[in-house]
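Please open the model in your viewer and keep the selection panel at hand. The stops below are meant to be followed in order.

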Amino acid sequence: MDELPLAILSDILSRASGESLLQHRSVCRRWREVVDDPYFRNSLHRLKERALLYHEYKKEEIYLMKIHEEAPVAAQIELGKFPELSGYAIQGTCNGLLLFEHSTDAESNPELLINPFTREVLELSRAPDLSPGMPVYGLGFDCTTNAYKMVQIDAINFDKKTHTGTMRARIYDFNKRSWRTCEAPPLPHCTGPCHDFVFASGALNWFLKTNSLSFRRLARTMLSFDLVKEEFSFIPIPDDFSEWGDFNVGTQMQELGGSLALVHRPDNTHIDVWVLRDYIRREWTRKYRIRLPQWLPHDSGSHYLVGAYRHDKLILHCMRNVYLYDVNKGRFTSCWTEADPCYALFWYEPLSLVSLKYGDATGL
């Protein structure tokens, strides 16, 4: 293997899975140089297979969890330590890239973009004309231009006469390395987007929150930004969602097979998974109804859909446990039981090889 030309060795390694590349990188210096080469990473851009990533709030480590369907315990692989994460919380993900915002002092600390697979950290720029104190961000990928784009939304100014709010929005194109203005829609009084975002259906999506019961209907609406058209719009919540209390309690937004999904608790014994089957027409369909076994905690905020695993299985996180749920058999299989019940976070993401240090048509 030492005598192979680098081009041939690079071609061979490009056919390996993401998890295998982690191991191949440790074989020898020559292999590590190939895997770490920016051209090699950016040519692959992102790998087809997905991996379960695990991180605990206020800790430095990010892990890859290797699930074995027949074994009760998942293998835990440390991808790296990131001391920069002290005081930061996750806001959302895109193609294996994780966007973090400082929890207590966002104005003085920059947003961070992390590729856990390449162990790289990028301090993100901010729109120069927007306030850094109350930003809302979103990171997505425009497949028509092969470019990552980031949206920044500023604080909202309210008009008491019209009961509407105005938000300012800017979009950053990582290929062009520039900010530009994008028109933002008016929002009803006391309403604004939540900080967490989900990239799905080719768009960035945020829940809308409100402190006014007079505009409860809008709280059942999501804000969406189409990355190709670079336009904002609203997506209504399905009418079937229960009306009691604040619908956001126990309701989760998620990317599922590339589409936008909502996870909802209609009662204490079921979880419904709704998928936006048509982004243009705003048509929702209930894809899964999960019946919770009696031995699982039934608190409305204790169950989270992590992602769609292969062979009609879903990954669920509940308290300290991670489960594989067989959609056809209605069966739960425990995969891991050591998660922190308060601070554990899981993502089911494609492994990205894109380097955050170099810019080209397929990366940042």
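Select Trp295: does this residue count as buried or exposed, and what is its relative accessibility? Trp295 counts as exposed because its relative accessibility is 55%, where exposed means over 50% relative accessible area, buried under 20%, and partly exposed in between (1.4 Å probe, protein chains only). Before going on, note that this is a predicted model, in which local features need pLDDT of at least 70 and side-chain atom pairs count only at pLDDT 80 or more, while totals for chains, interfaces and linings use all residues. Residues are numbered from 1 along each chain as its sequence is written, and side-chain values use heavy atoms, with hydrogens and water left out.

Trp295 and Phe332 form an edge-to-face aromatic pair, 6.2 Å centre to centre with 80° between the planes; rings of Phe, Tyr and Trp (its six-membered ring) pair if their centres lie within 6.5 Å, and planes under 30 degrees apart count as stacked, over 60 as edge-to-face and the rest as tilted. Trp295 lies in the loop between β21 (283-291) and β22 (303-309) and Phe332 in strand β25 (residues 331-336), so the pair ties together parts that are 37 residues apart in sequence; strands (E, at least two residues) are DSSP runs, numbered from the N terminus. For another group of rings, select Tyr54, Tyr63, Trp336 and Phe346, which form one aromatic cluster.

Arg265 counts as buried, at 5% relative accessibility. Its side chain reaches the backbone oxygen of His270 at 3.0 Å, and it also makes a polar contact with the side chain of His303 (3.2 Å). A polar contact is a pair of N or O atoms within 3.5 Å; within protein, one must be able to donate a hydrogen and the other to accept it, and residues adjacent in sequence count only if both atoms are side-chain atoms.

Finally, turn to the largest nonpolar core, where Leu139, Ile153, Trp206, Phe225 and Phe232 touch the most other members of a set of 32 residues. A nonpolar core is a set of buried Ala, Val, Leu, Ile, Met, Phe, Trp, Tyr and Cys residues joined through side-chain atoms within 4.5 Å. Among the elements that give two or more residues to this core are β8 (136-142) and β9 (147-159). A second, separate core of 24 residues includes Val34, Val35, Ile62 and Phe82.

Terms used. Helices (H or I, at least four residues) and strands (E, at least two) are DSSP runs, numbered from the N terminus.
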